[in-house]
Amino acid sequence: MKEMISGADALIRSLICEGVDLVFGYPGGSIIPVYDKLYDYQDSLKHVLVRHEQGATHAAQGYARVTGRPGVVIVTSGPAATNVITGIGDALMDSTPMVVITGQVATPFLGFDAFQETDVVGITQPLSKWSYQIRRPQDIAWAVARAFYIASTGRPGPVVLDFTKDAQTGMVEFDDYKKCDFIRSYTPRPEINDDDLRRVADMINAAERPMILSGHGVMISQAEADLAAMAEKGDIPVAATLLGLSTMPSEHPLYKGMLGMHGNIGPNVNTNKADLLIAIGMRFDDRVTGNVKTYAPEAKIIHIDIDESEFDKNIATAATVHGDAGEVLRMLLPMIEPRKHTEWLAEFDIPAQVEYEKVIKREVYPESGPMTMGEVVNKVSEATGHKAVVVTDVGQNQMFAARYSRYSEPRSIITSGGLGTMGFGLPASIGAKMGAPDRTVCFFTGDGGLQMTIQELGTILEYNTDIKIILLNNNFLGNVRQWQSLFFNDRFSQTPLINPDFVMIAEAYGIGAENVETREQLDGAIRRMLDHDGAYLINVNIDETDMVFPMTPAGADVNNIMLNATETYPID
Amino acid sequence: MDEQLFTVTVFSENQVGLLNQISIIFTRRCLNIESLSVSPSSIKGIHKFTITCFSNRPMMERVVKQIEKRIDVLKSFLYTDDEIVYQEVALYKVPTPQLLDDKNVELIIRRHNARILEITREYVVLEKTGHSDETEALFEELRKYDIRQFVRSGRVAVTKDTHEYLNMYLDEQERRKSHQCPAL
């Protein structure tokens with residue numbers, strides 16, 4: 001059926017044809033024709049009005065991470081477009097599917113420094129999978145179809161469509177919409193090479209101390225069950241990256257913990273004892289490897305990933321398989337012989353025990369003294385039956401939440417890993433709740449990060465989004481303070497924070513809130529928070545000296561792990 | 001690590017913005033592009049970039065992989081000088097009086113296999129095709145005549161390999177397209 005409609009109308013219809021039912025955005029001059037058309041589509045396309053364009057991008061990320069579908073953002077030109085840069089960069093680093101539509105001045109004004117004109121395509125090219133400027137209404141359907149195909153396939157990522165105002169108002173014949181399923185220069189789902197599989201299977205079968213490193217790719221591929229099946233058949237311990245957390249349930253006997261700078265001791269130390277590392281959907285980020293020169297000296301490395309530019313980028317590999325994680329794991333499983341690695345698995349017990357004695361006991365189960373972040377996180381996790389979606393901001397709050405939450409379901413953690421964007425958490429938790437309304441969403445944040453995007457409390461107010469906000473408040477920029485304490489002689493340059501009354505602010509936004517000053521108040525506060533019908537914030541008073549351990553400082557050996565300010569593992 | 005001159009060729013769809021996307025991959029890694037040329041390839045709708053850069057092999061292999069990741073890039077290849085047949089063009093603008101005064105002019109032009117593109121009363125424009133060291137050598141010889149302007153084109157190159165990898169890639173993608181199930 002052909003009819004003449006405006007470009008703005010064509011955009012909205014294209015989005016609806018792509019299965020979009022929710023967008024996050026903020027109107028403005030250069031995008032007003034789209035917003036005018038949106039008014040007619042209120043029943044089929046829901047728009048969430050954020051309070052700052054950056055909030056729209058993080059909300060879209062939260063939505064995408066919990067559903068697996070692309071988050072969609074609509075903003076205007078100029079400063080709005082520059083405000084979404086952080087979110088776009090964050091989505092690229094953390095492989096999150098997102099389509100960002102920015103308004104743009106009309107084509108005759110391009111390049112004349114017009115009002116609210118910026119070179120969006122130029123700025124976003126290094127930060128996105130694809131950036132395209134739509135100048136003619138007849139290109140809209142093609143561009144949108146391509147955008148969704150690129151954003152959501154292969155290694156997912158952000159796509160930017162810069163939509164000029166005259167393209168929005170111009171008329172076009174809108175044919176039946178065709179989704180894009182082929183671009184000849186783009187192969188999102190590579191054919192898996194049988195020889196590579198065979199080589200990898202042989203290496204796994206021959207290994208005596210193998211370890212699986214599970215990353216975000218496993219989650220994106222929805223390969224959690226395949227991962228468990230492989231690990232169980234080969235009796236192989238599994239460690240997760242920050243973004244790979246919850247790809248295996250925390251209670252699974254083969255799950256040994258988190259990798260990286262603030263990960264668990266066992267996985268980090270045994271990386272250097274392993275004779276085979278099987279990396280699945282992870283990219284050997286420097287937070288995981290520490291000093292690459294001393295990383296995994298005894299191990300051959302198998303790298304399974306959908307992005308072949310990651311092979312041999314940071315770490316030299318012995319074998320690679322280019323493909324989708326789930327598909328590779330399913331093809332590998334029949335080639336793996338059942339094995340038992342009882343002695344090797346037992347080698348994870350001693351570091352776990354030391355970590356419990358030296359770090360976890362005092363952090364999570366303190367008997368006296370001020371409340372600790374680990375203690376609060378653990379109690380919240382228990383109170384939610386380990387079923388909640390954990391959203392974090394960035395810093396100590398992030399590391400404590402990642403370490404001490406326990407995960408029983410997949411897609412249970414949403415955090416800014418690669419870019420480490422403070423302020424990510426509040427809008428991301430809003431997007432996550434909207435994408436998974438039936439799950440409890442617990443958002444852990446610090447006093448610094450919360451204030452970076454605090455305006456999004458207004459979004460919670462407007463949409464009555466039920467987010468449980470746990471503010472781990474130490475009146476400091478905690479993570480930087482930790483570094484200043486350990487390495488810069490306690491010179492706390494620009495890290496103490498003079499904070500407002502957060503409870504008053506929350507209540508001003510119609511959000512239930514209470515202060516938690518002492519340990520005795522904690523359990524009750526958590527229960528009130530979880531039982532409350534609607535958003536609730538608990539402002540927990542944490543001592544500034546609470547630090548995240550274990551810690552492998554950047555550039556150091558994965559084998560030289562700080563247990564506290566004075567002791568390292570292994571203990572002499 | 002050993003640095004040498006690498007040639008990177010890129011085949012892309014003929015779309016606006018590819019040049020920027022490719023060059024920022026170099027910029028980001030502080031790689032200085034020695035020369036760059038772009039033109040339509042022999043296949044309709046496909047553009048070819050030829051970029052030279054001094055660096056080491058591991059770095060350049062990473063760069064080529066990142067270039068191939070760009071959506072509208074079809075293929076990118078990495079070569080050292082021994083793997084390709086390459087040329088560049090140089091133009092020299094020299095004042096006519098000095099040139100005509102010298103009896104050796106004919107010898108220079110003959111020895112370097114240069115061509116005269118234009119002669120006026122004031123200046124002569126010479127052209128030479130060859131490798132950089134050859135165009136450089138002519139430059140040195142002409143220096144005493146007070147070269148007014150000099151320009152070198154980017155490198156153009158074809159491979160010595162008997163396999164035509166781009167054509168193989170395009171055939172493979174055609175096969176993939178015809179085997180694919182239509183989207184819902």
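A residue counts as buried if 20 or more other C-beta atoms lie within 10 Å of its own, as exposed if 12 or fewer do, and as partly exposed in between, with C-beta atoms placed from the backbone. Keep that in mind for the first stop.

Before you click anything: this is a predicted model, where local features need pLDDT of at least 70 and side-chain atom pairs count only at pLDDT 80 or more, while totals for chains, interfaces and linings use all residues. Residues are numbered from 1 along each chain as its sequence is written, and chains are lettered from A and ligands numbered from 1 in the order in which they are written.

**Stop 1: a strand in chain A**

Select residues 98-104 of chain A, which is strand β5. (Strands here are DSSP E runs of at least two residues, helices are H or I runs of at least four, and both are numbered from the N terminus.) How many of the residues of β5(A) are buried? It's 7 of the 7, so the strand is largely enclosed by the rest of the structure. Show the side chains and look at each face: A:Met98, A:Val100, A:Thr102 and A:Gln104 are buried on one side, and A:Val99, A:Ile101 and A:Gly103 are buried on the other.

Two strands pair if DSSP finds at least two bridges between them. Strand β4(A), residues 71-75, runs parallel to β5(A) with 5 bridges, and β7(A), residues 158-164, is also parallel to β5(A), with 7 bridges.

**Stop 2: chain A by domain**

Colour chain A as domain 1 (4-173), domain 2 (194-349) and domain 3 (371-545); these bounds come from an automatic or database domain assignment. The centres of domains 1 and 2 of chain A, taken over C-alpha atoms, are 37 Å apart. For contacts, the test is C-beta atoms, placed from the backbone, within 7 Å. By that test, 5 residues of domain 1 of chain A touch 5 residues of domain 2 of chain A. On the domain 1 side, those are 1 nonpolar, 2 polar and 2 charged. (Nonpolar covers Ala, Val, Leu, Ile, Met, Phe, Trp, Tyr, Cys and Pro; charged covers Asp, Glu, Lys and Arg; the others, Gly among them, are polar.)

**Stop 3: the sheet in chain B**

Hop over to chain B and find an open sheet of 4 strands, ordered β2-β3-β1-β4 with antiparallel pairing. Which strands stand at the edges? They are β2 (33-40) and β4 (73-80) of chain B, each with a single partner strand, so one side of each has no neighbour in the sheet. From one strand to the next, the twist averages 15 degrees.

Zoom in on β1 (4-13) and β3 (46-55) of chain B, an antiparallel pair with 10 bridges. At one of their positions, B:Glu13 stands opposite B:Ile46. Then bring in the helices: α6(B), residues 165-179, packs on the sheet, touching β1 and β4 of chain B, at about 155 degrees to β4(B). Helix α2(B), residues 57-69, lies across β1, β3 and β4 of chain B at about 165 degrees to β4(B). (Axes are lines fitted to C-alpha atoms, for helices over the stretch in contact, and angles run from 0 to 180 degrees between N-to-C directions.)

**Last stop: where the chains meet**

Show both chains: 19 residues of chain B are in contact with 17 residues of chain A. On the chain B side, the elements giving two or more residues are α1 (18-28), α2, β4 and α6. By class, that side has 6 nonpolar, 6 polar and 7 charged residues.

Conventions: Contact = placed C-beta atoms within 7 Å.
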